[in-house]
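Trainee: I am new to this structure. Please show me how to read its features one at a time.

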Amino acid sequence: MSEPTPRAAPAPAAFAPPSGRRTRTVLWHLLVAAVLVVVLYPVIWMLGTSFKPATEIVTSDRPWPLHWTSHNFPDGWHADPGVTFGRFFANSLTVSALAVAGTLVSCSLAAYAFSRLEFRGRSVMFAAMVATILLPYHVLIVPQYAIFKKLGWINTDLPLVAPKFLATEAFFIFLMVQFMRGIPREIDEAARLDGCGPYRTFLFVVLPLTRPALITSAIFSFLWTWNDFFTQLVYLNDTDKFTVPIGLSLFVDQTGMTSYGPMMAMSVLALLPVFLFFLAFQRLLVDGATSSGLKG
């Protein structure tokens, strides 16, 4: 009598994806897609409204237009009889570029002092600087306005730019300090043996190695300054000095009537510099965020 042939062993469960895991994956993708639709819907509605005629904006709830028109863009560009919207774009670019330059120069110097130099009261001063991050911005508006008015800076770009050159952005200083603390101190000692003082060590050794943190700070500084509305509304009075966020508010007149089509068209144009800036430096932003402040 012959012996029975042994049956083949069943395949391990790891090689066959279980149906439960596949179901969770599908549900996760559906959830992500739903969140993406919710997040992008205002942008899609704004883009579609910029191409709608005025009568269709208030009568149709569809995000896309039934009758396409491009008249909103020239109407919005020349909405103000004295100043075109191009002036607002130039003002925003000037203020944003100067704010980025001031933030990078002043905050990198302050971060180098806190992270690499030894001086009395360094820990106390750093703790006080970090504590200012928790201070509400609106608390500072009145005393800052009084100081700038006494200096004669109201209705100029100086209140928007000058504080950036004085290392007032505690968040960026903290970000750079965390990154510089990760740089080996042996590099400083080697530079000192080669005859470099603190300033040359900072300029030629530490600063090039801090590039990811600098780029991250530049991106956030540009985005926050470009989209800032409240500060610019407080200090700017003349129309030819307005920036893009204040320029968009001009589409709402004193009677409460709003020119939705031109306002949405100019809002689309206002998003382009931010979108292109973020798209160009997206990879560097991720690298800087993962290797600087979040490192601890």
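Mentor: Keep in mind that this is a predicted model. Start with Pro208, which is found in helix H10, residues 198–209.

Trainee: Which residues does Pro208 touch?

Mentor: Leaving out residues up to four places away in sequence, Pro208 touches Phe202 and Leu203.

Trainee: Where does UniProt place the feature "transmembrane region"?

Mentor: The unreviewed UniProt entry puts this feature at residues 26–47, 93–114, 126–148, 160–180, 201–226 and 260–281. An annotation of this kind may be inferred rather than shown by experiment.

Trainee: How much helix and strand is there over residues 201–226?

Mentor: The chain there is 96% helix and 0% strand, with its end C-alpha atoms 33 Å apart. For residues 260–281, the values are 95% helix and 0% strand, and the end C-alpha atoms lie 32 Å apart.

Trainee: Which residues make the nonpolar surface patch?

Mentor: The patch covers about 900 Å², and its residues include Trp28, Leu36, Val39, Ile44 and Leu271. Helix H1, residues 19–49, gives the most to this patch, with 9 residues.

Trainee: Where is Val39 placed, and why does Val39 count as exposed?

Mentor: Val39 lies in helix H1. Its label follows from the cut-off of over 50% for exposed: Val39 counts as exposed because its relative accessibility is 56%.

Methods: Residues numbered from 1 in each chain as written. Predicted model: local features only at pLDDT ≥ 70, side-chain atom pairs only at ≥ 80, totals over all residues. Heavy atoms only, no water. Patch = residues over 30% accessible without salt bridge, like charges linked within 9 Å, V, L, I, M, F, W, Y side chains within 5 Å. Areas by Shrake-Rupley, 256 points an atom, 1.4 Å probe, with all protein chains shown as cover. Salt bridge = Lys/Arg side-chain N within 4 Å of Asp/Glu carboxyl O. Helix = DSSP H or I, 4+ residues; strand = E, 2+ residues; numbered from the N terminus. Buried < 20%, exposed > 50% of the residue type's maximum accessible area, 1.4 Å probe, protein only. Contact = heavy atoms within 4.5 Å.
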